[in-house]
Every structure is written in C-alpha cells, then in structure tokens.
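Please read them alongside the sequence and the coordinates.

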Amino acid sequence: MSAKELQINLEFSAGAELLFGNIKRRKLSLDGTVKWTVASLLKWMHANILTERPELFLQGDTVRPGILVLINDTDWELLGELEYELQPNDNVLFISTLHGG
Amino acid sequence: MDNLSLQKQDIEELRSEIAKLRAALYTKEQQLQDLEQLHAQQSGNDPDSAVVQQEHEEKAEVHTHLTNDDIARFSRQLILPGFGVQGQLKLKNSAVLIVGMGGLGCPAAQYLAAAGCGRLGLVDYDIVERNNFHRQTLHSEKKEGMSKVDSARIALLELNSSCQIKCHTRLLNSLNAFSVLRAYDVILDCSDNVPTRYLLNDACVMLGKPLVSGSALKMDGQLTVYNYGADGPCYRCIYPVPPPPEAVTNCGDGGVLGAITGTIGALQALEAIKVIVGLGEVLAGRLLIYDGFSNLFRNIKIRSKRPNCHICSAEPLIRDLIDYELFCGMHATDKDNPLQLLEPEQRLNVFEYQELQSAPHLLLDVRQPAEFEICQLPSAVNMPLAEILDDSYVKRFSSQLESKEFPIVVLCRRGNDSQIAVQHMRNRYPDHSIRDVIGGLHAWSNKVDNGFPIY
C-alpha cells in the first residue's frame, strides 16, 4: 500500500447497492495527500460510481432521507455526519430503509 | 366482437364497478364510525369507548397462577432459565397488537399465540389474495377473499384456543389509532407503508408504548424496537424526514421471499416476548439488518433519542396525530398508486394497442428480465427501465429511431414505469411517435385477454 493512498471499505445494504452497479462491497484507494470527509466521499461517489438516478441517493450535499450511514457500524450522526474525517481502513455502510411487509 | 364476448365484457365491467363501489362504501362507513367515535369522545359522551373500557377490564382479569394445562403445554419454555413461571404469567396477562396481517404479521402472531400470549389484537383492512399465500402463512387456500384478520383469527385459534383475539378490520388512521392502540401493552409494526410507520410511531410515543418494528423486501430484512427504555430512540429520531415517494419500493413491485418475512416476523415475536417478560437485551438503540442473500445478520448501533425530536423530546412540536398520508406524500396502503406523467395523446389504451399490433411497430417491455420471463406479449422486446434511463436503448434501436413516424410503444406491468420511460425518451426525441400503454399488462389481461397471467 502506498503511503499516499487512503484505503477505505464501502458497503451497501438493503437495495442501496442497486444504485452502484449492484456491487455490495468495494475497497477504495483515495488520494491520501488530501483530507477526506464523508462530504467529499459523497461527491467522489457521485462522480465515479453512482450509476442510477442520483436523486435516489443524494439530496443536496447529503444523502436523501431514508438512507442510513454507518461508519464502522456506528451511526454517522454520532460521529459528525458530513464533517467526519475518514481514517485508514474505515468501513462506510449505506443502508436503504425498508418499508415492506 | 360477438354477442357472447360483449356480454362477458359487460359482466366484467359491472363486477369491477361493484367492487369499487363496495370499497368506497366501506371507506365511508369507516370514516363515519371514526368521526362518530371522535365526536362522542369530545362531547364527553362516549358509549363505545365505555364498552371498550369495560370489555378491556373484563378481559384484563389478572392471572396469578398457571393451570395444569398451561404447565403441560408450555413446559419447554417454562424450564428456560430467565423465563419460567413468572415469564409465562406475564405473557398470559399481556396484550399485543399486531398491525398488518401480512408476511411479517402472520409469523409474529403465530409465535405469540403459540407462546401463550393472553390477548392479541389484529389490524388489517385487506382481504386474502392468492399472491399472499407464499409468505402470509396463516391464510390458506379456502380463505381467499376473506378479510385477513378473520382468516388469521381462525388459524390462530386452531393453534391456541385460549388466546383472546380481537379483530380490527380497518385501515389505521389518526382518528382511530388511539382507541385501537390504547388497550395493548406492546405494538408490532408489521405494516407495509411509510405513513402507517410514522402514525404508529407517533401514537406509541404519545401513549408510552414500545413499538417492535420489522420490515422486509426482496432478500433483506430490518428490525428494531422503538420507544423503549430511557434512551431508546423513536422512528422519528432516526428518520425525521420521510423518504421521497419514488425511493420507496413495496413487496408488490420489488418482490420478497416468504422465508425472509418469516425470519423477521418471528424475530418481532421474540422481541415482543422479551419486552413483556423482561428477558434478555431488547433490540432498542440497535438495528438488526438481515441479508438473506449471504445469510448475514448484522447489528448496528443507531443513535439514541434525538434531543430535538419533534415527537419524543421533552418539548415536542407535534402534540397530536397528524395527516400521515399528506406528511409522507404517499398512501397508507401498498396498493397501486397510478402515476400521471404523460399527456393523453402520449398514451394508448389497450384496445388502441390491440389495433396497432398487426402494423409494423416496436414494442418495448421495460420490466425486469425476471418479470419478462413470467409472461410477455408477442414481439415484445425486453429493455429494462434502467437501460432506457442510461440511454443504452439509443444504440440498440438506432434503426427504429431513424424515422419519426415509426411507432414505438412502451409497456410495463401496470403503466407507471412505462410513463417514466416514455418521458425520458421523449426528452431526446420530442417529435417521435413514442407512447405507452395505459394500465400495462394488468389492463391487457383485464380487458383484452383474460388468459394472460397476472402477477
């Protein structure tokens, strides 16, 4: 692993993967020379891997209502949401909320 | 058309008209009932509520010992450390309300009745249909057309005749929710739509009742307990804003396996039992996510109470139940909500398409391949909506798109996705003859070809 890469894991659950080429788990190597927050990660995802209608994932600068974001299995609201600074080997999980029964 | 098929068509039309009138009448009767009850409550003259109260008190006779039959019947759970006689008595004295007698509600009710829950309330407005059987396992073939709560009640009483079961055959709304929920200790959200989830949450917060919330779709399930314990969040703490309607998929559109709803429903029964008995660690402040595809269970920590939550904080902004369909911009059922995206001249009815069938045209069926495999019209080409929206169709059908006059017809299951597809295609080809079929394959089956399968 290059010292200039920030490696993180992305995961999608309960249908959120359908917006990202139906891939549930990805390893990302981001440019490690700059600071990465969840906000900049969302922009990167939009530009690089979001394949379906963006409005089903994003609303303004943040995720749309009904998608939970977990960082290392903890609700991102407990960690500063968009401002959270990504650390090496962080696991970022996006979950669509289900309503069916 | 000959005389016989004209008659047949008349019969079908009358049947469908009568069904619609019955449904409208039923809705009005429910509205009247709810309004009368509200009026009586507010004018301080509430015979109905007094009866309910009395009934509840009668039923709420407190059991202080187990019968020999109880002991024999529940022996395998009585010997469980932490459950025991006291746990069984608590269950026997408990009342649980299950909202939605579908894929989640059936197994949840089944395990609660079997475990010896004393009183169960069942809420559902709907009737049993054939497409329910694969997952709604209390409803059996002979009960097609019966109300779901009556059907479930029969099956549950066969399982445990001493369980008291109250049927609430109605759509829950802000007028009737309190009077239905009040008599129960724990509420199970086994519903299938967003407005009902907010309604149940708000009513449970106001009445101080724990809400065991399950949901399932395709191969995934989710489960948590809201409004439980000092720090336990409510649904609004986690989801202060409802999702956009276009982001919500129901089981009728997305599909679901019965073993998935069965798994989550059984776990809802387990959480209800734990809440009642005071056993184990209740799943509050945590969300269980179940991925049936890989058979992975995962527990994630969700936030605790939101200090400025509109409903469960110390200073709530919402002090009474609201109009949840308006709040969510969605209906409180998972029934068809027809879209209206296109102008009338951009659409064909099924008879117009029938006439066009013999002429040269391109028929694009925009359903998923798995749905296309179930049934399709002759000459239809499968082009899933996603491939329309990412413009893959432009290259594939370049020859058909050369002429503006060449008719292109877009078809789907019910005439919603086909409108999205036509709208997208018309943005690029505004003057082409691109139209969709109103009502899709369902309308085709209902009006043109009764032999065409419906799913």
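How many residues of chain A are in contact with chain B, and how many of chain B with chain A?

1. The model is a predicted one. In it, 29 residues of chain A are in contact with 41 residues of chain B. About 2,800 Å² is buried between the two chains, and carbon and sulfur atoms account for 56% of that area. On the chain A side, L98(A), H99(A) and G101(A) supply 26% of the area buried against chain B, more than any other three residues.

2. G101(A) deserves a separate entry. This glycine sits in the segment after β7 (91–96) of chain A. G101(A) counts as buried because its relative accessibility is 8%, below the 20% limit for that class. Setting aside neighbours within four places in sequence, the contacts of G101(A) are G102(B), G103(B), L104(B), R135(B), S191(B), D192(B), A216(B) and C251(B). An unreviewed UniProt entry places the feature "modified residue: 1-thioglycine" at G101(A).

3. For chain B, UniProt lists a "binding site", again from an unreviewed entry, with G103(B), D124(B), R135(B), K148(B) and D192(B) among its residues.

4. With a relative accessibility of 47%, N131(B) is classed as partly exposed. F133(B) touches V128(B), H139(B), S140(B), E141(B) and E144(B), residues up to four places away in sequence not being counted.

5. As to overall layout, chain B has 455 residues, of which 48% count as buried. Its secondary structure comes to 19 helices and 13 strands. The C-alpha trace of chain B spans about 80 × 50 × 50 Å along its principal axes. Chain B is divided into domain 1 (34–328) and domain 2 (344–447), and the C-alpha centres of these two domains lie 42 Å apart. Among contacts in chain B with a separation of 6 or more, 68% are between residues 24 or more positions apart.

6. Which residues touch the most other members of the largest nonpolar core? They are I98(B), L112(B), L120(B) and L188(B), in a core of 80 residues. Helix α12 (residues 258–277) of chain B gives the most to this core, namely 8 residues. Another core, of 30 residues, lies apart from it and includes L6(A), L28(A), F94(A) and A247(B). Returning to L188(B), its contacts beyond four places in sequence are V96(B), L97(B), I98(B), V99(B), A108(B), L112(B), V212(B), Q268(B) and A272(B).

7. Helix α6 (residues 105–115) of chain B is largely enclosed by the rest of the structure, because 8 of its 11 residues are buried. The buried residues of α6(B) include C106(B), A108(B) and L112(B). Just after α6(B), G116(B) takes a positive phi of about 100°.

8. Over all chains, the structure holds 10 aromatic pairs. The pair F20(A) and F57(A) is edge-to-face, because the ring centres are 4.8 Å apart and the planes stand at 85°. This pair links distant parts of the chain, 37 residues apart: F20(A) is in the loop between β1 (5–13) and β2 (25–31) of chain A, and F57(A) in the loop between α1 (38–48) and β3 (58–59) of chain A. F20(A) is buried at 0% relative accessibility, and F57(A) is buried at 1%.

9. In chain B, Y198(B) and F327(B) form an edge-to-face aromatic pair, at 5.1 Å centre to centre and 85° between the planes. Y198(B) is in helix α9 (residues 194–207) and F327(B) in helix α13 (residues 324–328) of chain B, so the pair ties together parts 129 residues apart in sequence. Y198(B) is buried at 0% relative accessible area, whereas F327(B) is partly exposed at 29%.

Note on methods. Residues are numbered from 1 along each chain as its sequence is written. Chains are lettered from A and ligands numbered from 1 in the order in which they are written. This is a predicted model: local features need pLDDT of at least 70, side-chain atom pairs count only at pLDDT 80 or more; totals for chains, interfaces and linings use all residues. Side-chain values use heavy atoms; hydrogens and water are left out. Domain bounds come from an automatic or database domain assignment. UniProt positions are given in the numbering used here, feature names are shortened, and annotations may be inferred rather than shown by experiment. Buried means under 20% relative accessible area, exposed over 50%, partly exposed in between (1.4 Å probe, protein chains only). Contact means heavy atoms within 4.5 Å. Rings of Phe, Tyr and Trp (its six-membered ring) pair if their centres lie within 6.5 Å; planes under 30 degrees apart count as stacked, over 60 as edge-to-face and the rest as tilted. Helices (H or I, at least four residues) and strands (E, at least two) are DSSP runs, numbered from the N terminus. A nonpolar core is a set of buried Ala, Val, Leu, Ile, Met, Phe, Trp, Tyr and Cys residues joined through side-chain atoms within 4.5 Å. Buried area is the accessible area (1.4 Å probe) that two parts lose on being put together, summed over both.
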